[in-house]
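Open the model in your viewer and keep the selection tool ready. The tour goes from one stop to the next.

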Amino acid sequence: MTRPTILHMVTPDANLSPFDVNMAIDAGWQHCLPYTGLKRAEIADLTQDAIFSRGPKGVRHTGMFVGGRDQNVAMDMLEAARAAMIPPFEISVFADPSGAFTTAAGMIACAERTLRLGKDGGIANRRVLVFGGTGPVGAVCAILAAGAGAEVSIVSHESLAKAVAVAKQCSERFGVSLHGADGSDDGRIRSLLVDAEIVFSAAKAGVQVLTASHLHGANQLLVACDVNAVPPAGIEGIDVMADGEPLLAGSGRARGIGALAVGNVKYRAQQALLGQMLETERPVYLHFEHALKAARDYTKG
């Protein structure tokens, strides 16, 4: 008899994201069970309850999904779950807090595709700004861009100190080199944009961080990517459906990528990783690096 598939979905938050539950069921997981309000210290016991109850064969049909809203907490939980495994009692684990890992992966993969289509090479050695980079999506986008070889600055609209603190924390934990930048007023934003070649906006929904006026002096700009689907656009002039369309402001070569174009790649990447957990013969531990591979596979297909 084939065992039913069970996905244990854990989060430190009060509620689990319905988006993630829908994605998991659509990917083929038969039973998706929520565990909310968890702390890192509780993950080991929960993991071992999951692995020992089904036997070495049953664990192949069992998995864990880590949600939440903080990339560091999610990675801590993934690592705690992995450390609690006792082979052959071992299940797959996938972390994607607030969709930050797969959304950030979609941003990078879409930017890389737009650069390829424009015959502008890749992201390596490009000067990159990430607005909203102190939040989870922006921080992970910055980590992935730096990992791909770009020179990346996290921009905060609050203060330079906040941007520097997040850049330092991400750099030390994930082994990349990130810088902090001050985007607290129009003059500072315009100064940052003078040399920028790629701009990502992951600011809060409904907040416009870059206007057409800001972009007029961005003479080196090749790609601007915005993940805000709630009006007004995070970057003025980028439609939510834009997928490499010319951006009127800026260098004249700049192309815009909107939230729904990124969202489609994010959806495909998350679906692929949830499916991988079901199909793998050996346990996998999936996070933002695997999300980027899945997003790149889709955009190159």
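Helices (H or I, at least four residues) and strands (E, at least two) are DSSP runs, numbered from the N terminus. This is a predicted model, where local features need pLDDT of at least 70, side-chain atom pairs count only at pLDDT 80 or more, and totals for chains, interfaces and linings use all residues. Residues are numbered from 1 along each chain as its sequence is written, and side-chain values use heavy atoms, with hydrogens and water left out.

**Stop 1: Asp-20**

Select helix 1, residues 18–26; Asp-20 is found there. Is Asp-20 buried or exposed? Asp-20 is buried (under 20% relative accessible area, with exposed over 50% and partly exposed in between; 1.4 Å probe, protein chains only). Next, show the contacts of Asp-20 (heavy atoms within 4.5 Å). Leaving out residues up to four places away in sequence, Asp-20 touches Met-9, Phe-65, Asp-96 and Gln-270.

**Stop 2: the cis peptide bonds**

Select Pro-87 and Pro-88. A cis peptide bond joins Pro-87 to Pro-88, with omega about 5°. Pro-88 sits in the loop between helix 4 (71–83) and strand 4 (92–95). Then go to Pro-231 and Pro-232. Their peptide bond is cis too, at an omega of about -5°. Look for Pro-232 in the loop between strand 9 (223–226) and strand 10 (243–246).

**Stop 3: positive phi**

Pick Ser-98, in the loop between strand 4 and helix 5 (100–117). Ser-98 is not a glycine, yet its phi is positive, about 55°. With 35% relative accessibility, Ser-98 counts as partly exposed. Move on to Lys-119, in the loop between helix 5 and strand 5 (127–131). Lys-119 also has a positive phi of about 55° without being a glycine. Its relative accessibility is 78%, so Lys-119 counts as exposed.

**Stop 4: the whole protein**

Zoom out. The secondary structure comes to eleven helices and twelve strands. The radius of gyration is 20 Å, close to the 19 Å that the globule rule gives for 301 residues, so the protein is as compact as a globular protein of that length. That radius is taken over C-alpha atoms, and the rule is 2.2 Å times the number of residues to the power 0.38. Along the principal axes, the C-alpha atoms fill a box of roughly 65 × 40 × 30 Å. Color by burial to finish: buried residues make up 52% of the 301 residues.

Definitions and conventions. Lys and Arg count as positive and Asp and Glu as negative; His and the chain ends are not counted. A salt bridge is a side-chain nitrogen of Lys or Arg within 4 Å of a carboxyl oxygen of Asp or Glu.
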